[in-house]
Amino acid sequence: MLKAMAAELNCNACRNRVGLASMRYSKDGKGLICESCYNKQNSGVSIKIKQQEFSRPIDTSPKKKVEFYCRNCSFKWSRALDFRGPKLCPSCGRDTIMYNLPNDADELLRELDRMDDV
Ligand SMILES: [Zn+2]
Ligand SMILES: [Zn+2]
């Protein structure tokens, strides 16, 4: 009976009594913790990273369409505003492109232009 008691320790995280064989050293310096708490620590890190990856596409999901118009050949087309925008007309190949932007999108396009300068 006494031997069995000695082989158990309190987990420093959840305070449950756990057999010494399933104790682990905590990564955040708490000392010995049980196996399930150790697994929670490790999986908690990866869950946080996954949530950050998830929030990104949600923020940018409403894609704005931008209409382009070529002054040279009058060619018209539209693309989603999630790429840098064309420099040359796909029809005649000249850089005479006009942008027809929704009102709140010109700030976004300035961002895109600045990316091109780098
Ligand atoms: Zn525990
Ligand atoms: Zn053109």
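The model is predicted: local features need pLDDT of at least 70, side-chain atom pairs count only at pLDDT 80 or more, and totals for chains, interfaces and linings use all residues. Residues are numbered from 1 along each chain as its sequence is written, while chains are lettered from A and ligands numbered from 1 in the order in which they are written. The protein chain holds three helices and seven strands, where helices (H or I, at least four residues) and strands (E, at least two) are DSSP runs numbered from the N terminus.

**Confidence**

- The mean pLDDT (the predictor's confidence in each residue, from 0 to 100) of the protein chain is 75, and 57% of the residues score at least 70.
- Where pLDDT is low, the predicted coordinates should not be read in detail.

**Overall architecture**

- Along the sequence, the elements of the protein chain occur in the order α-β-β-β-β-α-β-β-β-α.
- Of the 118 residues in the protein chain, 8% are buried; a residue is buried if 20 or more other C-beta atoms lie within 10 Å of its own, exposed if 12 or fewer, and partly exposed in between, with C-beta atoms placed from the backbone.
- Among contacts in the protein chain with a separation of 6 or more, 26% join residues 24 or more positions apart; two residues are in contact if their C-beta atoms, placed from the backbone, lie within 7 Å.

**Nonpolar core**

- A nonpolar core is a set of buried Ala, Val, Leu, Ile, Met, Phe, Trp, Tyr and Cys residues joined through C-beta atoms within 7 Å.
- The largest such core comprises six residues, namely Cys11, Val18, Met23, Ile33, Cys34 and Cys37.
- Leaving aside residues up to four places away in sequence, Cys34 touches Cys11, Cys14, Asn16, Val18, Ser22 and Met23.
- In soluble globular proteins, nonpolar side chains tend to be buried together.

- Strand E5 (residues 65–70) pairs with E6 in the antiparallel sense over five bridges; two strands pair if DSSP finds at least two bridges between them.
- Across this pairing, Phe68 is opposite Trp77 in E6, and Tyr69 is opposite Lys76 in E6.
- Strand E6 (residues 76–80) is hardly covered, as the count of buried residues among its five residues is zero.
- Five residues lie between the two strands of the hairpin, and Ser74 takes a positive phi near 65 degrees there.
- Ser74 is not a glycine, and it counts as exposed because 10 other C-beta atoms lie within 10 Å.

**Loops around strand E2**

- Arg15 occupies the loop between strand E1 (8–10) and strand E2 (17–19).
- Although Arg15 is not a glycine, its phi is positive, at about 65 degrees.
- Arg15 is classed as exposed because it has 10 C-beta neighbours inside 10 Å.
- Leu20 is located in the loop between E2 and strand E3 (23–25), and it is exposed because it has 10 C-beta neighbours inside 10 Å.
- Not counting residues up to four places away in sequence, Leu20 touches Ala7, Glu8 and Leu9.
- The C-alpha atoms of Leu20 and Leu9 are 6.3 Å apart, although the two residues are eleven residues apart in sequence.
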